[in-house]
Amino acid sequence: MRESVDPLTTLRRRIAALETPRSIAMRGRVPSGHAGLDMALGGGFARGCVHELFGAGVEDAGASSALGLMLARLAAEAGEDEGGQAPNRQEACAQRTNAQRAIVPVVRPMLWLRTAGAARMGGVPYGPGLVELGIDPADMLLGTMADDAMLLRAAVDALRCPELGALVVECWGMPRLLDLTASRRLALAAEGSGVMALLLLNGAEPVPSAAETRWRVRAAPSQPLPGNAPGMSAFDITLLRRRAGPDGMAWRIMWDGALGRFAEWDEYCGEAGENGRDGRDGHGMDPAGEDASAATGSGSGGVSGSGGAPLSGAVVPLSAVRSPADRAA
């Protein structure tokens, strides 16, 4: 009887060891830069794990793909020092000027695997767009597989390579072959190498898996920059499931390409997030209601204080033909 109990006890201990977050703590985490998100995740996204990103709808496939690439960039960039701690990205970014909008060289390459069907549905990466996200196209490898079976085999093989910075696996719909066994195989390969895997499941509904976290991703309206220029990429993300902690939380995050990190919505918008404008009211008025130009002595017409009436929107006709004197002026 004892001979049958000992193997059973050993098996239970092995399973319990696999289920505990001990190995996650040893591998470290990838901080996103968003204080609330990182705090909820215990310091960031866990290395050596699989994280699932579900687009809320087909129209949100681009948002989930972009979020996956941004997280992969952070994972590939965030090396650890001798003490096992990730560097402080904010301090490093503070040493750069705005003109440097740095494409931070990644420590290890990123790999993006997808099926031919996913490539037809989602399109191909656009180099200048990757640069705007802070990703050097030379640091990203793109692999297109014929079918789901080849995709999953390639993903497991890639996750066994510890020199890989991060792996992104893109699927459209829930592959029939991606069952709990296949998911567990991916998780074990990631745990063995310490590589973070991001599984993009667009147009699919969640099923039981061995992923560490599961997210619902939606595109969010960005905050316009001054001059009504396109703002930073924004996402609404919901933590649907987490194996080693609470879930059900949601955040709106923005990607700061200049600093190479995610940021709090209020960090850039503040009160502007309420009315869709930047720090002033859009007509030269500071939040206190004083005319900014009048404060510097450059106001016209002596308008100041409580007024600063918005532009009327009147159209003033201008002649298309100008005199030589006007042109010289």
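The model is predicted. Rolling a probe the size of a water molecule over the atoms shows where empty space is left. In this model, the largest pocket has a volume of about 380 Å³, and a search of the whole structure also finds two cavities of 30 Å³ or more.

**The largest pocket**

- The lining of this pocket, about 380 Å³ in volume, is made up of 23 residues, and the closest to its centre are Gly62, Ser65, Ala66, Leu69 and Trp112.
- By class, 15 of the lining residues are nonpolar, six are polar and two are charged.
- Several helices and strands each supply at least two lining residues: the helices are H4 (61-77), H6 (116-122) and H7 (127-132), and the strands are S4 (110-115), S6 (166-172) and S9 (234-242).
- The element that gives the most to this lining is H4, with six residues.

**Helix H4**

- H4 is 17 residues long and spans 24 Å from its first C-alpha to its last, close to the 24 Å expected at 1.5 Å a residue.
- Of the 17 residues of H4, 16 are buried, so the helix is largely enclosed by the rest of the structure.
- An α-helix has 3.6 residues a turn, so residues three or four places apart point the same way.

- The largest cavity has a volume of about 40 Å³.
- Its lining consists of Glu52, Met174, Leu178, Asp179, Ser183, Leu201, Val207, Pro208 and Ser209.
- Five residues of that lining are nonpolar, two are polar and two are charged.
- The second largest cavity holds about 30 Å³ of space.
- The residues that line the second largest cavity are Arg29, Leu41, Gly44, Phe45, Ala46, His51, Glu212, Thr213 and Arg242.
- This second lining divides into three nonpolar, three polar and three charged residues.

**Cysteines**

- A disulfide is a covalent bond between the sulfur atoms of two cysteines.
- The search of the whole structure finds zero disulfides.
- Cysteine 49 has a relative accessibility of 9%, so it counts as buried, because buried means under 20%.
- Cysteine 161 has a relative accessible area of 35%, so it is partly exposed.

Key
Residues numbered from 1 in each chain as written. Predicted model: local features only at pLDDT ≥ 70, side-chain atom pairs only at ≥ 80, totals over all residues. Heavy atoms only, no water. 1 Å grid on protein atoms, 1.4 Å probe; cavity = no way out; pocket = protein on both sides within 12 Å on 5 of 7 lines; lining within 4 Å. Points joined across faces, edges and corners; volume = space filled by probe spheres on them. Nonpolar A, V, L, I, M, F, W, Y, C, P; charged D, E, K, R; others polar. Helix = DSSP H or I, 4+ residues; strand = E, 2+ residues; numbered from the N terminus. Expected span 1.5 Å × (residues − 1). Buried < 20%, exposed > 50% of the residue type's maximum accessible area, 1.4 Å probe, protein only. Disulfide = S-S within 2.5 Å.
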